Amino acid sequence: MPDHDPLDFAALWHSIAAQDSSGRHQAESDLAFWEENAQHFDQWHSDQEATSRAVAAVSGLITDDVWTVLDVGAGTGRFALPLAQQVDQVTALDASPNMLKVLRRKVNERGSKNIQIVQSEWAEFATAQRFDLVLAAWSMYRQPDIMQGLRKLVDMTDKLLVIVDGDGYQTPDRRLRREIWGGATKQTVPRAVLYLAILWQIGVRANVQTLWETRHTSGESLHELAAQLAPKDTTVAEREQFAERLAPFTNRDEDGTLHYQAQIPFSLITWRRHEDHAFLRAKGVTSTSPAP
Ligand SMILES: C[S@@+](CC[C@H](N)C(=O)[O-])C[C@H]1O[C@@H](n2cnc3c(N)ncnc32)[C@H](O)[C@@H]1O
C-alpha cells in the first residue's frame with residue numbers, strides 16, 4: 001500500500017522522484033549533468049522528430065493576442081528561439097548556466113532582440129508580470145514542491161499554459177533493456193499523466209493531446225543495431241541476446257539495410273485561463289461566460 005492518499009498525485013510524484021537513482025531530481029546533480037552535457041544537447045535532438053513536432057504544435061497555438069511568452073526550463077532555446085519570431089517578447093528562464101550559454105550564443109548569432117534570458121531556479125523566480133503564454137517543455141522533473149511549481153505556472157499564465165512531456169511509454173528496445181539488464185536502466189515516469197493529475201488536484205482542468213514521434217535506428221546487421229541501442233559496457237552474450245530479441249521489431253529494406261523504428265508518444269497539456277470555469281469559480285471570478 002502506498003504511504004500516501006492514492007489521490008494525492010503530488011505525493012506520488014515526490015515518492016517517484018525520491019526513488020530515482022539518476023539523482024536528476026536533485027538540483028545539484030541535475031545542474032552538474034547540464035554543465036557536462038549542454039554542448040551536446042542540440043546534437044541529441046537534431047534528428048528527433050519530437051523536437052519539430054512539439055515546436056510546431058506549440059507554435060500553432062500562438063494566436064494574435066499572444067504577445068509575451070515565458071519559457072520555463074528553456075535550455076538551449078529549442079522553443080524560445082522559434083517562438084520569438086512569432087511574438088513580441090520571450091523570457092527564457094533556466095537554472096543551468098551552461099545551457100543558457102549555448103542559448104546566448106545562438107541569440108547573438110541570430111541577432112534576436114526580443115529574448116530575455118533569466119538564470120534562475122523556477123522556485124526562486126519572482127515577478128509581478130503575467131505572461132500570455134507560459135511554456136514548460138520537458139522541464140518540470142525537478143521541483144522542491146511540484147504542486148507549488150505547477151501552481152506557479154498557472155498563476156503566471158495570462159492566457160495559455162502549455163506543458164510538454166513524456167507519458168512513460170516504454171519502447172520495445174527499452175523494455176528489452178529492462179528485462180535483460182534490470183536496474184541498469186531507468187524506470188520511465190508518466191510525467192505528463194502526473195502533471196495533468198496534479199493540476200486537477202489544485203483545481204485546474206487542463207486538456208491533453210497525445211503526439212507521436214518516430215525514433216529511427218539503422219545498421220547493416222542486428223549486431224550493429226544492438227551496439228547502438230544496448231547499454232555500453234555489457235557482455236557480448238548479453239548483447240547477442242538483446243539483438244536476437246530485437247529482431248522481430250526490425251525490417252530490412254531492398255538495399256539490405258536493417259531498420260528499427262520506435263513510435264513514442266508524448267503529451268501536450270494545455271490550459272486556457274478564460275475557459276476554466278471551475279478554476280474561475282473557485283477564484284470568485286464570475287464575469288466570464290457561464291459554466292456549463
Ligand atoms: C530536458 S531540458 C529541456 C529544455 C527545453 N525546454 C527543450 O525542450 O529543449 C530541461 C531544462 O530544464 C532546466 N530545469 C530543470 N529543472 C529546473 C528548475 N527547477 N528551474 C529552472 N530550470 C530547470 C534544465 O536546466 C534544462 O535546461
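User: In which helix is the place of Leu153?

Analyst: The model is predicted: local features need pLDDT of at least 70, side-chain atom pairs count only at pLDDT 80 or more, and totals for chains, interfaces and linings use all residues. Residues are numbered from 1 along each chain as its sequence is written. Helices are DSSP runs of H or I with at least four residues, strands are runs of E with at least two, and both are numbered from the N terminus. On this assignment, Leu153 belongs to helix α6.

User: Is Leu153 buried or exposed?

Analyst: With C-beta atoms placed from the backbone, a residue is buried if 20 or more other C-beta atoms lie within 10 Å of its own, exposed if 12 or fewer, and partly exposed in between. Leu153 has 24 other C-beta atoms within 10 Å, and therefore it is buried.

User: Leaving aside neighbours within four places in sequence, with which residues is Leu153 in contact?

Analyst: Contact requires that the C-beta atoms of two residues, placed from the backbone, lie within 7 Å. Once the neighbours within four places in sequence are left aside, the contacts of Leu153 are Val72, Val134, Ala136 and Leu161.

User: What share of the contacts with a separation of 6 or more joins residues 24 or more positions apart?

Analyst: The protein has eleven helices and eight strands. Its radius of gyration, taken over C-alpha atoms, is 21 Å, close to the 19 Å of the globule rule for 292 residues, so it is as compact as a globular protein of that length. The rule is 2.2 Å times the number of residues to the power 0.38. Among contacts with a separation of 6 or more, the share from residues 24 or more positions apart is 71%.

User: At what angle do helix α7 and helix α10 pack?

Analyst: In α7 (residues 172-181), Asp173, Leu176 and Ile180 meet Glu238, Gln241, Phe242, Arg245 and Leu246 in α10. By class, this contact has four nonpolar, one polar and three charged residues, where Ala, Val, Leu, Ile, Met, Phe, Trp, Tyr, Cys and Pro count as nonpolar, Asp, Glu, Lys and Arg as charged, and the others, Gly among them, as polar. Axes are lines fitted to C-alpha atoms, for helices over the stretch in contact, and angles run from 0 to 180 degrees between N-to-C directions. The axes of α7 and α10 are 10 Å apart, and their angle is about 140°.

User: How far apart are the axes of helix α1 and helix α8?

Analyst: Phe9, Ala10, Leu12 and Trp13 in α1 meet Leu194, Ala197, Ile198 and Gln201 in α8. This contact has seven nonpolar, one polar and no charged residues. The two helices pack at an angle of about 140°, and the distance between their axes is 8 Å.

User: Where is the place of Asp233?

Analyst: Asp233 is a residue other than glycine with a positive phi, near 55°. With 6 C-beta neighbours inside 10 Å, it counts as exposed. Its place is in the loop between α9 (222-229) and α10.

User: How many residues surround the ligand?

Analyst: A residue is near a molecule if its C-beta atom, placed from the backbone, lies within 6 Å of it. The closest to the ligand are Gly73, Gly75, Arg78, Ala95 and Ser96. By class, the shell divides into eight nonpolar, five polar and four charged residues. The number of residues surrounding the ligand is 17.
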